[in-house]
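Visitor: I would like to be shown around this model, one question at a time.

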Amino acid sequence: MDDHGRGLTPARARASARPGRWGAWLGWGAAVALPLGFLAVFFAWPVVSLVLQGFFRETAAGPALDLSGFAEVLSQDRTWRIVGQTLAQALAGTALAVLLGLPGAYVLYRCRFPGRTLVRGLVTVPFVLPSVVVGVAFRALFAPGGLLGWAHLEESFAGIVLALVFFNYAVVVRTVGGLWERLDPRAEQAARALGATPWRAFRTVTLPALGPAIASAAAVVFLFCATAFGVVLVLGGLRYGTIETEIWTRTTQFLDLRSAAVLSVLQLVVVTGALVVSSRARARRERALHLTSDRVSAHRLRWRSAADLLPALATLVVVAGLLVLPMAGLVTRSLRAPDGSWGLDNYVALGTTGGRNALSVTVWEALGNSLRTAAWAALVAVVVGGLVALVVSRRPRRAGLRRGVGVLDAVFMLPLGVSAVTVGFGFLITLDRPLGLDVDLRTSGALVPIAQAVVAIPLVVRTMLPVLRAIDPRLREAAATLGAAPGRVLRTVDGPLGARSLGLAIGFAFAVSLGEFGATAFLARPDTATLPVVVYRLIGRPGAENYGMALAASVVLALLTATVMMVAERLRGDRPGGEF
Amino acid sequence: MERTPGPAGLTGLAVRDAVVRYGATRRRPGSVAVDGVSLDVAAGEIVALLGPSGCGKSSLLRAVAGLEPLAGGSVAFDGEDLAGVPVHRRGFGLLFQDGQLFPHRDVGRNVAYGLEAQGVPRAERAARVAELLADVGLAGYAGRSVATLSGGEKQRVALARALAPRPRLLLLDEPLSALDRRLRERLAVDVRDTLKATGTTAVFVTHDHDEAFTVADRVAVMDAGRLLQVAAPDVLLRAPAGPRVAEFLGLAPGADELVRTDREQVGLRDEDGVGTTTG
């Protein structure tokens, strides 16, 4: 036998089997422990501490349970008005996004027409746009003298809902479209052959099949709408707010940490409900995927048929009116100098600190801060999120381990639900002495990228996980039978195949971090302000000069995030990945 | 750890009372895929595992490779018990039904994969890849993308890749089933020639008796997780151990071609039913 020149004799193989197994346990243990540790210190601890502020009161004898904060906050009319507004805005935004998103999903994923890739990209851009930019864009649109000034939408419920739909249209189109694209068309054809009209076939066959995807998209959109912060802060004025903006107002304006903590608990209740619905829907969708084929089935857009014409028109109106118009309005308005003439004056002013020194840094310096923190945040998010995705993509043989993997998956979705404001706020009250160490992280400047990473991690996991899960386990088995140790399998099989999603994950994390506002607004010091923080500060200061600078800075920020996202999408190619 | 010496002179694969269960938890025993199978494969021998789909032959193969844990029994090679030896240290090759070529590597780098894991120097690796590709009739294909290959070519590359690290045992899991009939018949002969030329010990899983007879020195007929008979093809055809074996081989006493086809169909229908007796 040994004349084959094999490297390993069975005796050696046996002797080295045990260390190999220990190594595997150690490796996987570290891959689980590192992200969990990160999440515990930089997410669970701050958030839990914050929540406990609502339940306990410092007394001479130590903390004592005290629920009077709840009684006080919950008895205020203002609280219930805010809760009502949060739910109403989220429900209206979700309903409209789904209603408009369905025809969009059909046209962009079930039909073929020239320029479809471009429109798909265009639809995706709003989702990654910084919320502050969207707020500024819609404000410019609704302001007297703006393109929609005649509609009196400034500081109105309808205005906020429109902005929320602008954001979340892409979530519905992409989630539902991704499933619709792969739905076997023969089921609908069978219904038609049985005498059903196109509408009846859609209603009785296609719509039920799409149900889980629609539910999943709606839950995610509801979550985003219910925790909307920057856009509501900019558009709502004094009359409209969400729990999220209320937490911010009570902390920064009234310095009332206790009632802010109570509101954070309230926020967690709303969000947990949405997350539970979302995870149920996702589980159902993963089952529903078995009904689909690998083939993408799309037909040429038929302008003659009403079944194609109506959705196409609806999509055209949404893309042109709701998506393009605000952005075009923003760009146009930014080219208008404070004195009313047209020109690049606002962009030239970005080299200054604003009228009456509104800022501590110039806008270009803030851009530098943004790029630097976003790069660190993306690095941390991709390392932590990548490890989570890698662990969660495994299907261990033992049932207990399998459940553990499922729990890990769910735990790392939590930051998506817990508001960024809560995270930033929690950082402020806990990380002055992290783990009892005498280093005040709050002044080190490290907190901003870490908070941004916490926000970006769920998106990284959701982007990489489907790609890693799609790797046929038998490829790994083939590698193992060829003599590759587990580490080598990881490096030569999972590595190259998963790398396709890495580009998109990095781009996603970077873009989200660039635009992150909720947590950053709490944590960034004036001299390390990022671009979104600067935009918000400028818009709050009086003077046409500052307003013009805010518009120009928004355009710069929008261009930056859109470019990052477009490049990342390119890296992905045409294969399906990610859920958003 | 000390080497436990096996019975003197024992070479090749020895499977003893192997049991493979699926979906077993603390409360449920799960379903039994392989139910106490014992099988010996001598060095240099090719044994076919023949049986209908779902009879447990692939599970047995995966257990030998170390991809499924044994719920009972043992697998040994050259007298050495392989319990606790992970897949990549067993020195067994495995050929999947659909090849499972690495999509991110070209043909040459697919074949070289096992050699890289062994740390074979680059020049030696290139020479061996060229030699193996020539052996399977694909000389000059090293630079090709695997996406451009036909089904038959893919399986030839997968065979070359599995043979490259010189496995002491090659396991083939229905390697030809996804191909059309004419290609299958031709490749079956090629596979046997290649295995014999390289002196490779092999277990070949198939549900096609013609293929089993073409490739193997001995055929093990399996049904419902148990082995019914292990014998050379001519013995099997002459003296099937029971009606079940005869049925599956398409044999019936004094049957002509037409009846034989009928029996085959009846046999297939029987397998869908429950409670088949094992002989």
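Visitor: Which residue in strand 2 of chain B is the bridge partner of A14(B)?
Guide: The model is predicted, so local features need pLDDT of at least 70, side-chain atom pairs count only at pLDDT 80 or more, and totals for chains, interfaces and linings use all residues. Residues are numbered from 1 along each chain as its sequence is written, while chains are lettered from A and ligands numbered from 1 in the order in which they are written. Strands here are DSSP runs of E, at least two residues long, and helices are runs of H or I of at least four, both numbered from the N terminus. In strand 2 of chain B, A14(B) has as its bridge partner D40(B).

Visitor: How many bridges join strand 1 of chain B to strand 2 of chain B?
Guide: Two strands count as paired if DSSP finds at least two bridges between them. Strand 1 (residues 13-22) and strand 2 of chain B run antiparallel, and the number of bridges joining them is eight.

Visitor: Which are the edge strands of the open sheet in chain B?
Guide: This sheet has four strands in the order 2-1-4-5, with antiparallel pairing. An edge strand pairs on one side only, which holds for strand 2 (31-41) and strand 5 (80-81) of chain B.

Visitor: What angle does helix 1 of chain B make with strand 1 of chain B?
Guide: Helix 1 (residues 57-65) of chain B packs on the sheet, touching strand 1, strand 2 and strand 4 (72-77). Contact means that C-beta atoms, placed from the backbone, lie within 7 Å. Axes are lines fitted to C-alpha atoms, for helices over the stretch in contact, and angles run from 0 to 180 degrees between N-to-C directions. The angle with strand 1 of chain B is about 115°.

Visitor: Which residue of strand 7 of chain B is the bridge partner of L94(B)?
Guide: Strand 6 of chain B runs parallel to strand 7 (residues 169-173), joined by four bridges. The partner of L94(B) in strand 7 of chain B is L171(B).

Visitor: How many residues of helix 10 of chain A are buried?
Guide: A residue is buried if 20 or more other C-beta atoms, placed from the backbone, lie within 10 Å of its own. Among the buried residues of helix 10 of chain A are I243(A) and W248(A). Of the 10 residues in helix 10 (243-252) of chain A, the number buried is seven.

Visitor: What distance separates the centres of domain 1 and domain 2 of chain A?
Guide: Domain 1 of chain A covers 23-55 + 345-580, and domain 2 covers 88-106 + 115-331. Such bounds come from an automatic or database domain assignment. Taken over C-alpha atoms, the centres are separated by 22 Å.

Terms used:
Buried ≥ 20, exposed ≤ 12 C-beta atoms within 10 Å, placed from the backbone. Contact = placed C-beta atoms within 7 Å.
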